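Here are my notes for you, written as numbered points. Keep the model open while you read and look up each residue as we get to it.

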Amino acid sequence: MTGLHVDEEPAEEPAEHGRFACYLQALEAVAEADEANLVASVLRDQDMTMADSAVCRHLDRRAADLLTGPAFTAWARTMTEVSADRDFLTLRLREWTLLRTIALGRPWTAEDLTSASDWFQRTATTMRFVVSPEALSLLAERGRTRRVRNAASRQLQRPDQPN
């Protein structure tokens, strides 16, 4: 029987892992006035997948913080301009805007919800700011996955759910 060799050198962490961690830290601390420049800088990284992932985490955090406030629209417009050549990030921002629309009780269509990504549908059924009984009913009935349909049904059954 062979034992573990504790004196072996650990595998070296890939460089992109270190950059990813640095990007997340910088994006977390960036001043609002410098945000667009930093996001653009991250998106110029040679590893597009890693850069998109770091920026997507940032967008998700910031969008959730700004979602129902007045600063969201200008912020989303700026981030869309900065990430215009990245389809995934553009879609994510568009779906955050749809979440905002629902959260604020503004008009949306059934197709908006049923054609949205799995991420959108899961987020719409699990975040507390989306309390539209109409949206939840639609997703309970026509959500893409059983997970989405069940989560929407549970949200509709919450006692604090407005009718």
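1. Let's start with a word we'll need a lot: a residue is called buried when its relative accessible area is under 20%, exposed when that area is over 50%, and partly exposed in between. Now try it on Phe72, which has a relative accessible area of 1% and is therefore buried. One thing to keep in mind throughout is that this is a predicted model.

2. Stay with Phe72 and look for its partner. Phe72 forms an aromatic pair with Trp75, with 5.8 Å from centre to centre and 50° between the planes. Is that pair stacked, tilted or edge-to-face? The pair is tilted, because planes under 30 degrees apart would count as stacked and those over 60 as edge-to-face. Both residues belong to helix H4, where they are three residues apart, or about one turn of the helix. Trp75 has 7% relative accessibility, so this residue is buried too. Searching the whole structure turns up two aromatic pairs, and the Phe72 and Trp75 pair is one of them.

3. Next, zoom out to the inside of the protein. In soluble globular proteins, nonpolar side chains tend to be buried together. Here, the largest nonpolar core has 37 residues.

4. Now for some empty space. Rolling a probe the size of a water molecule over the atoms shows where empty space is left. The largest pocket in this model has a volume of about 150 Å³. Which elements give two or more residues to its lining? They are helix H4 (72–82) and helix H5 (87–103), and H5 gives the most, with six residues. Phe72 is in the lining as well, along with others including Thr73, Arg77, Leu93 and Arg106. By type, the lining residues divide into three nonpolar, five polar and four charged.

5. The charged end of Arg92 sits over the ring of Trp119, 3.8 Å from the ring's centre.

6. Asn37 and Ala110 are 73 residues apart in sequence and 36 Å apart in space. For Asp118 and Ala51, the values are 67 residues and 22 Å. Trp108 and Leu136 are 28 residues apart along the chain, with 13 Å between their C-alpha atoms. Gln155 and Val130 are 25 residues apart along the chain, and their C-alpha atoms are separated by 9.7 Å.

Notes:
Residues are numbered from 1 along each chain as its sequence is written. This is a predicted model: local features need pLDDT of at least 70, side-chain atom pairs count only at pLDDT 80 or more; totals for chains, interfaces and linings use all residues. Side-chain values use heavy atoms; hydrogens and water are left out. On a 1 Å grid over the protein atoms alone, a cavity is a set of points where a 1.4 Å probe fits but cannot get out, and a pocket is an open set with protein on both sides within 12 Å along at least five of seven lines; lining residues have an atom within 4 Å of a point. Grid points are joined across faces, edges and corners, and a volume is the space filled by probe spheres set on the points. Helices (H or I, at least four residues) and strands (E, at least two) are DSSP runs, numbered from the N terminus. Ala, Val, Leu, Ile, Met, Phe, Trp, Tyr, Cys and Pro count as nonpolar, Asp, Glu, Lys and Arg as charged, and the others, Gly among them, as polar. Rings of Phe, Tyr and Trp (its six-membered ring) pair if their centres lie within 6.5 Å; planes under 30 degrees apart count as stacked, over 60 as edge-to-face and the rest as tilted. Buried means under 20% relative accessible area, exposed over 50%, partly exposed in between (1.4 Å probe, protein chains only). A charge sits over a ring if NZ of Lys or CZ of Arg is within 6 Å of the ring centre and within 35 degrees of the ring normal. A nonpolar core is a set of buried Ala, Val, Leu, Ile, Met, Phe, Trp, Tyr and Cys residues joined through side-chain atoms within 4.5 Å.
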